[in-house]
Every structure is written in C-alpha cells, then in structure tokens.
Amino acid sequence: MQLLVFVLAYPLLLLVSILPFRLLYILSDFVCFLVYRVFGYRKKTVRENLKLTLPHLTDKERLDIEKKFFKHMCDMFLEMIKTMTISDRQIKKRFTFTNIELVTEYEAKGKSIALMCAHYASWEWLVVMAKYTTFRSIAIYKEVGNKYFDKLVRDIRSRLNAELIESKKSIELMQELKDNNVKAIYGFASDQSPQLTKAKYWDNFMGLEVPVYTGAEMLAKKLDMNILFCKVVKLKRGYYQATIMPLVDNPQEIPDYDITSKYLREVEKQILEAPEYYFWTHKRWKHIGKKKNRKVVS
C-alpha cells in the first residue's frame, strides 16, 4: 500500500516541482483556501496556541496572524516540493545568508558544530547551508512513516549536499564520526515537544512551562562541539534570509540546561518579531500543567 500511494503521488509532486514560482504560488493560494477555509486543518490547534502564547493581542490581531500563518504554511509546503528540482542558482538566490563567513571561521576552530534552529520561516531551505561548508552537513530528523516518501525526502536533501539521520540513530553516527576525526555540522530543530515520559527538563517558553528537548546541548557537551544558532527571516514571498549567531563556545564549561534556555530565548524573539511564520499547527503546549516534582529553570 505504501508503494501504491507513492507511485500515485510521485508524478503529481514532480509536476508541481517544475512549476515556475509564479504558478507555484497561485497553486499555493488555492491549496490554502482548501486547507483553511474548506477543511479547517488544525485551525483549532493554531487558534488555541496563539491565544495561549500571545494573550496581549486582541482576537482580531490573532486572527490576522492565523490567516497569514496558513498562507505561509502552504507556501512552505509547496516550496519543499519545489526543492525536488530547484537549481543551485535559484535556491541560493531565494535563501541567502547575511554572514555565511562565520561558518568558515568556526570550521577553522577544528570542532564539529551543533547548529540550532527553530521551526520558523523556512527550515526546509536552510539545508542549502551545506553548499557553503567543507564539513559534512547532517540534519537530525524524524523518519517519515512511508518508507518510499522517507527515501524521497532524503534524496531531495542530498541534492543540496545535506544528509538526514534519524534521531534514534544520530548518537551512534556522531560518535563514529568523532572517533574517525570527521568534522560535521549537525542541524537541530529543538523547539517542538518531547514525549512527556522522556522529558528531563522544563522551561518557560512563550511564558508557559513546558518540557523541552535537550539533545542538542547534551550531545554538544558529550562530543565537544561548538554551538551556533541560525535565525531565519522571511523577506517576502519565496525569499528568506538567515543570520548565524554564536550561541556557545566550549559548551562543556556551561551549566546543564543553560544552553537550551538561551536557545529558547532566541526562538521567542523570532516569534514575537513576526509570529505568523512560526509552526503553530504543532501541539507544542499540550503538556502545560503536567510537570510533577521537577525543578524548572526559568
């Protein structure tokens, strides 16, 4: 069944990927109408998340953010499909960096790099950074349920010199590369919600106490990596700009969870600057009030 679904869907995805951007965004507007107006995909979740995290705004202001978010989400989904056939020239024109030279500076330090980012603006096209580094570029991700689509996702990233590794296999690979003195940039999008049973640390995120992923920090300490943060902004439809920021050098010297907390503060700044570009469909705040007998660092 998985193969049948893939065989039926692949030609349509390929067709979408070769559309000129002008037509791609016309299609995106139509998809948005269906997703938002007709099916109401996760509209309730988005509305609840916005009300929880942006209580200082009026209902009208939050509704405006909601509508802009769904439009952006559909754009990003189709941009992800476009990556199947996009040229290097096109993606480098549409996803730029203000200070890509910082990556070269950190490569010269002789350590692998943990690159922390958020599900904000376009984390999909951020993989183009692999075109600018001499290190191996590896993104930690959650495996797609359909194995054929999972391979397609990995193949798309490989076109941009990036590799994907499942989170459950990441520690083994990272340790192996370190043992063989292979330097890499590892991408972590650590702003989503971990399973409650695996939550080791809770912090205040957008003013609400939630469990937080700490894998990037702990792996950076274990494997002695420097940590960078990548802030992405959406300039206009189909155009993004990233700024790389040093988050922590020598993380082994930093108290546990301070790095994760610092990362969350940067993500909050992004969200408050332009909340419509955050990934609001995820149930990020579903564990509010479930912390039991745990120390929280605010």
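Biologist: In which helix does Arg62 lie?

Modeller: This is a predicted model. In the model, the residue in question lies in helix α4.

Biologist: Is Arg62 buried or exposed?

Modeller: Buried means under 20% relative accessible area. Arg62 has a relative accessible area of 10%, so Arg62 is buried.

Biologist: Which backbone oxygen does the side chain of Arg62 reach?

Modeller: Leaving aside neighbours within four places in sequence, Arg62 is in contact with Leu50, Lys51, Leu54, Pro55 and Leu57. At 3.1 Å, the side chain of Arg62 reaches the backbone oxygen of Leu54.

Biologist: Which residues is Phe95 in contact with, leaving aside its neighbours within four places in sequence?

Modeller: Beyond its sequence neighbours within four places, Phe95 is in contact with Ser122, Trp125, Leu126, Val128, Val232, Tyr240 and Ala242.

Biologist: How many residues of the lining of the second largest pocket are nonpolar, polar and charged?

Modeller: The second largest pocket, with a volume of about 200 Å³, is lined by Leu12, Leu13, Val16, Leu27, Val31, Phe77, Leu78 and Ile81. Helices α1 (2-17), α2 (21-38) and α4 each give two or more residues to this lining. The lining residues divide into no charged, no polar and eight nonpolar.

Methods. Residues are numbered from 1 along each chain as its sequence is written. This is a predicted model: local features need pLDDT of at least 70, side-chain atom pairs count only at pLDDT 80 or more; totals for chains, interfaces and linings use all residues. Side-chain values use heavy atoms; hydrogens and water are left out. Contact means heavy atoms within 4.5 Å. On a 1 Å grid over the protein atoms alone, a cavity is a set of points where a 1.4 Å probe fits but cannot get out, and a pocket is an open set with protein on both sides within 12 Å along at least five of seven lines; lining residues have an atom within 4 Å of a point. Grid points are joined across faces, edges and corners, and a volume is the space filled by probe spheres set on the points. Helices (H or I, at least four residues) and strands (E, at least two) are DSSP runs, numbered from the N terminus. Ala, Val, Leu, Ile, Met, Phe, Trp, Tyr, Cys and Pro count as nonpolar, Asp, Glu, Lys and Arg as charged, and the others, Gly among them, as polar. Buried means under 20% relative accessible area, exposed over 50%, partly exposed in between (1.4 Å probe, protein chains only). A polar contact is a pair of N or O atoms within 3.5 Å; within protein, one must be able to donate a hydrogen and the other to accept it, and residues adjacent in sequence count only if both atoms are side-chain atoms.
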